[in-house]
Amino acid sequence: MELLAKSNFSFLRGASSPEALVRRAAELGHRSLALVDHMGFYGSARAHAEAQKVGIKAITGTTLESISEFHNLTILNKSRAGYQNLSRLLTSLHCEQGVNNFFSHDLSGNHAILTPESLLNPTKANLLRAAKTLLRHLGPGNVSLALFHHFRRGEDKTNRLLRDLGEFLKIPVVASNSPTYSHRSDRLLADAFTCLREHKTLDDAGRLLECNGERFLKSPEVIHNLFTGYPQEFHNAKMLSEECSDFSLENLGYRFPSYRNPDTGELFTDREQCEYLRLIVKKGLSKKFRKLSEKHSQQIDKELLTIFNLGFSGYFLIVWDLVRFARSQGILCQGRGSAANSLVCYAIGVTSVDPVESGLLFERFLSENRQSWPDIDIDFPSGDRRESVIQYVYQKYAPRGAAMTANVITYKPRSAFREMSKILGFPESIANRFTDLCASPKVHDASREPASAELSMSNYYPGDKVMELAGTIERSGIPPSHPRFEPLLKLYHAVLHCPRHLGQHSGGMVFCDDGLDHVVPLQPAAMENRTVLQWDKDDCEDLGIVKVDLLGLGMLAAMEDALKICERRGRPVNLAKIPKDDPATYDLLCRADTVGTFQVESRAQMATLPIMQPRKFYDIAVEIAIIRPGPIVGDLVHPYLNRRTGREHIEYIHPDFEPILKRTLGVPLFQEQVLRMAMVIAGFTGVEADFLRQAMSFKRSDERMNAIVSRLKTRMAERNVDLEVQQRIIAAIGSFALYGFPESHAISFALITYASCWLKVHRPAEFYCGLINNQPMGFYSVNTLMQDAKRHGVRTKPISVWYSMITTDVIDDHLLRLGFHRLKGLHQNTAERIVEERSKSTFSSLDDFLLRVRPNVKERRLLAAAGALNDFPEIEHRRDALWRAEQLPIDDLFATPSAKEQVLEMMTPGERLNTDFALQGSTTGPHPMRFWRCEQDLDLATSVSLFEMPHGKPLVIAGLVICRQRPGTAKGHCFISLEDEYGIANLFIPRKTFHEYKRIITSESFLLVQGRLQITEGRQPTVYVTSIQPLGVSGDLVTVSHDFH
Amino acid sequence: MNYAALHFHDLPLSCLLARDGTSPDQPAALLSTGEREKSHLVAVNLAARQLGIHPGLRTTRGLARCADLLLLDPDPATEKSAQAETLAFVETLVPDFELTTAETFLLDLSTMLMASVNDWTAQTIASASYLVLPLQIGLGSTPDLAHLASLCPHQPNPLSLNLADLALAKTFPLPHAHVLQLWGLQTLTDLAKLPRQGLAERLGSELAQLHDIAHGKRHRLLKLYRAKAHYRVTHSFEPPVDSHEPLLFMAKRLLQTLCNRLNHHQRATAELLLTLAFENGAAHARKLILSEPTLSPDVLLRSLHTHLDLVKAPAPMGGFHLELIPTLPRHAQHQLFQRGLKDPNEFADTLRRLSAIVGPGRLGIPHQLDSHRPDAIALSPITPDFQTPPVPEIHPVSHLPLKRQRPPIPINVASEKRGRYQYPLALLTGPHQGPIRKTRGPFPLSGSWWENGWKEAQWDIELDDSLLIQLSFLPPKKWNLTGIYG
């Protein structure tokens, strides 16, 4: 019956998590706990979930700050209406400027508590006035006064005053302990948070800190003893908590919006929604199939029946509406995730995969056995186009009917150390050093890991077990003998993973018909025109709030650009109609010529493709799923490839698994397979299998995972499953728990992968143009993409004020023209002005250009140095342009034309290269390595000559580093992609060599490498590196590489 | 050639290499101050340059290019000593010269008698060899050209100077360096070739000035260097003395001389450095800080006398050294409503005497600390205006006055443990004894858990004789009487 607890979701005002408070309350024998976080219900959802587990009631409420005359005011919800009113008020306080008179809002159904901390100056007169104000607006029976007992001087006096006031005004007085942490030991963190809040160090905080550590959660007996002189007040507290316990977040009143009749604008009834969905599905199917097969018909009937029975028709209609809007705006979109298992989703255009043809399991998406809402994620082109869809949702459900889900940003090792060392008075340089030390060993040393790693998510947080914390702190400059070393360690561990602030989820949106602000308070997001909920996606899922993920995908944006250019050039492409068995596309995949494509362009993917030799669509889905940390850690990659190439016999973990694992040659690669394995071997029900699925994708705690694994073990043991089989199944689940990939998801991605590869083969100019226009994305820099384009017969022309558009454009099938967007520092307005002025009339001279466009001096230099002014007849070269454009011409009738003397020397090719890299990050000229090779007399291998060398041959090779990788699964070895003028060479650097040459590897852009050739499976040459040195390339080129992602 | 410039290249680095006797073949670099991991190289020697290491490079990159690169942290003391040596060397060459930078000296050769400039240059380089510092002599028709010539290593042609090196020299204005770089200008020659008017129109007058310098069209006068005046004196006693009187007698005379010299240079002193040398080799050095700058030998002598009274000589005194640190005299006058000390130095003298009596750290103005800890106080130094740090207001919760016991009186108390706290029952010892009639508390207080944490629980009690007392319990079992109410 604690009424005024604050959790760490009060952000720097509470030191324990809501879960910890609730668990502790249950341990101490409380029957309820009211969480009154600061200005919101941030922690209430978690407290509610935990309270359900431990069997107590979680009362919701909040503490409002600086409202009217109150310094802070605690309000508890007595009913759902009260909760909704308070939620609306909180939204107004967060989203509207100058909302102070909160009494103008409807606060019925709530109970206000005036505490000794409610007023800055709690004198008798002030307390009386404040209590009267509350009584006037909330009415008798909805206001209480609270007494505190924190063993402080003067408390008795205030308590007596409050009791007298209560008697005088006939207001109940309640006893409370107002805890801000669960255990006494948490006081350290509470003090630390006070310092962070007040921007002080612990030494300077003085009396801002609590005078003692008594604000921990106490048992009802202890509270009773503390308030021995106030038995009635203790009783009142009990009564009030019982009164407020009637409402809990179970009765939130959230309802997923219904679809509106497009003709009348009225909300459809459930039945109408079902009929309308059936109509839409029928129309969709008629477009996709000339004649519906028996199998399809049965499937669609089954799915529609399930959807109708579950009452999800409205949900499908709303998602359909979003997709329809996007398509009407010419925005590419595609559903991903388990939605691809549904024929209905396929029929209404949400996904592009025919699940019947692909043999996908509908029950993975939706089942009558479980009541959870379907999860549909839709990919949109990242950037403005996705934002337009998001804004459409905001407008459609306005006002306050839609919001992004929150993302709780927590203290990570580096931020935890930085903040805690700061409040302990350590200089910032120590935190900087710790950050550096933390950053470099991000990849953990696998040899140090215990042999049998538990199925624990926390194993994979960098900085927890990976780093030897004490050693790292010592290396940062604080010796263990330092008197503040221990406090720092304690605070570090205490604050780690505590919430720091709320961010917004990358794409999760929640919406509601009649205002979302009555369901959960909303607050403005950092991005303009966006609001965010106070709960994250897991909280929403726990409370049955449905979210739709509107995700951004760079490749979709690039493909959309490419398709638009194709259409403009009279060679339109309909992605839905491109042949799925195009040999040239599969040839490209087989030879791993996949730079720039979706999902298969990484070094590891490119190494596997020649072994995999994909020749059909499903192979691409397997390829995408197999090169992921899950299968790699689970050691599933080699068995699959060996079986595929016939080197290994196909076997099944258990004979019963054959139908499930046949398509993947006996190797469990997909999440669906693992679920079905659990159903077969352990007799899991659909609900249990769904629980397993949730646990595998639930990143918040290990508890769910451990619980379900334990149940799985028990059930397998009951069925006398062989111990070895048990262990293999558990190991497979362990791999998927971290990076599991559903089959439907892989197939959805494979569609985009195939489309991107098809475009690269058949529309290379448009494909590269789309990629260049949508950077940053993917693995490779623009320069590498341009080099790759060159190797595929597509050359790029430099930026020119005479010809360039704002974005890069296609001139013909073999030629691109860089756009002004590639010039770092050229304002968008200037670029637009150039294009606009040029469209009016061509520039007659440089002076004409400068007078009409009026670029500023920096932009003039930029354009001249990049060679964008070279097309003017009077300009001889870039430096000539620099000299002439430095001065703005005078628009004078009598001005004499400037002399045509050459003042500055022409740039050398090397200088042009340096300038291009500095200003654009890429060059349309020769590769830097060509210049270097011309100056040298060394007999070096090239990326092409590697293919002609025998295995084991010693060699020396040089090039530009375009990618450095040291994945966690690689046991400390490093992989580098080295680009030269002919292509890309792959380097493998063993762990020992990496450590020996770490400085050179991490700091130099051009490397000269010694090693020996290894011809791996699939005839892929890799250089096994034995020594490295920096390459003496003249000038310090500003190159971009994809490093350690 | 009327002017010569002597430039000691990269003095902060080369003086360190000279100090350590590092081989010229060893690649070496001087680090920027700050953290080593994030530092960059501010100077490199020739051996490092040949490996592609140049100033401005990140340290990690420098090490990547040469794992044996000797990294040196700046050492201001060595640098200062090297500067003093170079200065002393130049003073042996000419009486008048300009100290242009800490590394460069400009000499006017027109006043010197010499057979040949080249001979003089060679002779100067030879005579400077004892410094073991790289010296470049630049000759020019103007001071600036000579200076520029001295900055060019191995090629004393002012126009061959690299513009990047010129930007590092910071002695000549080089605005728009990045534009010049874009224009492809490498050396001063390249700049000099540009049309002056076109250059001025595009990049302004500062570069036009540099253009003039390069063409020898700009002449200026040297700012002659004058050694800094010192106000120090050393005296030896023969034979050594046993008392202060001879010292004070000599000091009076010497201080008079020093003060006259100060007065001549319109300076006063606020600090007096005293070093006593004893016969047994021991020394006593002390800086005496005066409250107000003065020119009065009497004030200085009085401070000296006071201090000497406190010094216990371990052996007879063989000599002493006095130095007055010059400062500007104070010209302020007291304001009408400002209450100040008439003679701050006398007040300071009194404080010094008091400090000698009560011991160091025991004299000051007490002020309460912002802490929950009872009686947490600190002493702030006494200044002539008697200002103390601001203390946040404290609002006592009780209207009853409390007469605090300082220090608290340790007493024995009969008590019993209830829950987490000891409850007092009767006072057994101390000024007030007897059973406790009524208690209020405990009021636990704790803090500073991050360093030497403290903890106590306060109690207000009423004895049988109605006396109200404040007790404090310090775990594990110490009781104090901390005050009496009323």
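Helix H1 (residues 18–28) of chain A lies across strands E1, E2 (32–38) and E3 (57–67) of chain A and runs at about 155° to E2(A). Helix H2 (residues 44–54) of chain A also packs on the sheet, where it touches E2 and E3 of chain A, and its direction makes about 160° with that of E3(A). These angles lie between N-to-C directions on a scale from 0 to 180 degrees, with axes fitted as lines to C-alpha atoms, for helices over the stretch in contact. Two residues are in contact if their C-beta atoms, placed from the backbone, lie within 7 Å. Helices (H or I, at least four residues) and strands (E, at least two) are DSSP runs, numbered from the N terminus.

The model is predicted; local features need pLDDT of at least 70 and side-chain atom pairs count only at pLDDT 80 or more, whereas totals for chains, interfaces and linings use all residues. Residues are numbered from 1 along each chain as its sequence is written, with chains lettered from A and ligands numbered from 1 in the order in which they are written.

The sheet in chain A is open and has 7 strands in the order E1-E2-E3-E4-E5-E6-E7, with mixed pairing. Strand E1 (2–5) and strand E7 (173–176) of chain A stand at the edges with a single partner strand each, so one side of each is left without a neighbour in the sheet. From one strand to the next, the twist averages 30°. Strands are taken to pair if DSSP finds at least two bridges between them. Strand E6 (residues 143–148) of chain A and E7(A) run parallel and are joined by 4 bridges. In this pair, A:Leu145 stands opposite A:Val173 in E7(A).

Chain A as a whole has 42 helices and 23 strands. Its radius of gyration is 33 Å, close to the 31 Å that the globule rule gives for 1045 residues, so chain A is as compact as a globular protein of that length. The radius is taken over C-alpha atoms, and the rule is 2.2 Å times the number of residues to the power 0.38. Along the principal axes, the C-alpha atoms of chain A fill a box of roughly 95 × 85 × 75 Å. Of the 1045 residues in chain A, 48% are buried. A residue is buried if 20 or more other C-beta atoms lie within 10 Å of its own, exposed if 12 or fewer, and partly exposed in between, with C-beta atoms placed from the backbone. Among contacts in chain A with a separation of 6 or more, 71% come from residues 24 or more positions apart.

The domain assignment of chain A gives domain 1 (2–186 + 200–251), domain 2 (270–408 + 504–553), domain 3 (412–497), domain 4 (569–754), domain 5 (791–920) and domain 6 (928–1043). Domain bounds come from an automatic or database domain assignment. The centres of domain 4 and domain 5 of chain A, taken over C-alpha atoms, are separated by 51 Å. For chain B, the assignment gives domain 1 (8–77), domain 2 (83–214), domain 3 (232–327) and domain 4 (402–485). The centres of domain 2 and domain 3 of chain B, taken over C-alpha atoms, are separated by 46 Å.

Between the chains, 32 residues of chain B are in contact with 38 residues of chain A. On the chain B side, helix H3 (59–65), helix H8 (177–182), helix H10 (196–203) and strand E17 (434–447) each supply at least two residues. E17(B) gives the most to this side, with 6 residues. The residues on the chain B side divide into 15 nonpolar, 8 polar and 9 charged. Here Ala, Val, Leu, Ile, Met, Phe, Trp, Tyr, Cys and Pro count as nonpolar, Asp, Glu, Lys and Arg as charged, and the others, Gly among them, as polar. Strand E17 of chain B also holds B:Pro442, which a cis peptide bond joins to B:Gly441, with omega about 0°.

Strand E19 (residues 468–474) of chain B is mostly covered, 5 of its 7 residues being buried. Strand E18 (residues 454–463) of chain B pairs with E19(B) in the antiparallel sense over 6 bridges, and B:Ile461 has B:Ile469 in E19(B) as its bridge partner. E18(B) and E19(B) form a hairpin with 4 residues between them, and B:Ser466 in the turn has a positive phi of about 70°. E19(B) is also joined by 6 bridges to strand E20 (residues 478–485) of chain B, the two running antiparallel.
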